Amino acid sequence: RKTENPLNASEVSHPAIRACFQKVGIDEGAELHHMADLPARSGLGSSSSFVVGMLQGLSAYQGRFCTTEGLANEAIDLERNILQEAGGYQDQIIAAFGGTCLIRFSANHRFHVTQIPLPAPGILELQDHMLLMYTGIERDSFSVLRRQVERTRDNREALNQMAQLAEQGACYLAVESIPITEFGKLLHASWTLKRTLSDVSLPEIDAAYRAGLNAGAEGGKLLGAGQGGFLLFIA
């Protein structure tokens with residue numbers, strides 16, 4: 001909303017907010033109020049979702065239409081190049097495109113998004129089998145991600161296997177006759193591979209994951225970069 005006293009974007013304390021204002025060229029006459037219910041550093045992609053929503057809102061404020069792919073690319077540029085944050089591009093893409101997506105990445109930071117044809121009953125069934133557990137551990141995802149990036153060459157085989165599991169998982173979700181529990185087993189295989197990339201887990205996280213499996217879950221994984229945040233189980 002407009003204010004009587006113009007606010008210069010450079011005076012905004014939150015770096016992501018300041019960067020969003022500067023990226024769209026707003027330096028006065030606007031006031032932003034925001035609130036969040038999620039804990040910080042949770043691995044749920046909340047920071048990228050915030051940036052995508054902010055860029056979309058500011059574009060609408062200026063009367064500009066932003067395509068879905070353009071919005072994703074703007075968010076990627078802001079977080080990776082302007083704010084110099086480590087990590088992949090999946091959070092910005094899924095926040096911009098929405099839905100249940102399979103994202104394929106190629107060279108030169110290019111990506112292709114395929115919406116998985118998951119009908120409403122399939123979405124409800126998937127939700128009925130999902131259990132999200134907060135570990136209570138907050139971590140700096142960027143330091144964890146930097147170590148993973150440094151070991152990319154050594155981890156190439158595991159990363160390729162994880163990509164194949166993602167393709168298989170998309171097929172599982174699209175076929176109604178395949179039980180959701182089979183998707184849980186794929187998540188378990190993916191988490192097992194991810195634990196080999198670097199120090200993505202902690203003893204207390206491993207204990208919580210084993211407790212979930214012992215209680216009957218088919219599989220799951222730690223969401224986000226690792227070392228904290230939320231465990232997702234398929235049960």
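Mentor: Happy to! A helix here is a DSSP run of H or I with at least four residues, a strand is a run of E with at least two, and both are numbered from the N terminus. Keep in mind that this is a predicted model.

Let's start with Ser 59, which lies in helix 2. Buried means under 20% relative accessible area, so Ser 59, at 0% relative accessibility, counts as buried. Leaving aside neighbours within four places in sequence, Ser 59 is in contact with Arg 64 and Cys 66.

One place back in the sequence is Leu 58, which touches Cys 20, Phe 21, Val 24 and Ile 26, again not counting residues up to four places away. Leu 58 also belongs to the largest nonpolar core, a group of 26 residues, and is among those with the most contacts inside it, together with Cys 20, Phe 21, Val 51, Leu 55, Ile 93 and Phe 111. Helix 1 (15-24), helix 2 (46-61), helix 3 (68-82), helix 4 (90-97), strand 1 (101-105) and strand 2 (111-115) each give two or more residues to this core. Helix 1 gives the most, with 6 residues. A second, separate core has 13 residues, including Leu 118, Leu 126, Leu 173 and Leu 223.

Between strand 1 and strand 2 runs a loop that holds His 109. His 109 counts as exposed because its relative accessibility is 56%, where exposed means over 50%. The side chain of His 109 is joined to that of Tyr 89 by a polar contact of 2.7 Å. The C-alpha atoms of His 109 and Gly 88 are 9.7 Å apart, although 21 residues separate the two along the chain.

After helix 9 comes Gly 216, with a positive phi near 120°.

Helix 8 has 15 residues and reaches 21 Å from first C-alpha to last, close to the 21 Å expected. Among its buried residues are Phe 183, Leu 187, Trp 191 and Lys 194. The cover over the buried residues of helix 8 includes helix 5 (120-128), helix 7 (156-174), helix 9, strand 4 and strand 5.

Strand 4 is covered on both faces, with Gly 219 and Lys 221 buried on one side and Gly 220 and Leu 222 buried on the other. In general, side chains in a regular strand alternate between the two faces of the sheet. Strand 4 pairs with strand 5 in the antiparallel sense over 4 bridges, and the partner of Lys 221 in strand 5 is Leu 232.

Conventions
Residues numbered from 1 in each chain as written. Predicted model: local features only at pLDDT ≥ 70, side-chain atom pairs only at ≥ 80, totals over all residues. Heavy atoms only, no water. Core = buried A, V, L, I, M, F, W, Y, C linked by side-chain atoms within 4.5 Å. Buried < 20%, exposed > 50% of the residue type's maximum accessible area, 1.4 Å probe, protein only. Contact = heavy atoms within 4.5 Å. Polar contact = N/O pair within 3.5 Å; in protein donor to acceptor, adjacent residues only side chain to side chain. Expected span 1.5 Å × (residues − 1). Pairing = 2+ DSSP bridges.
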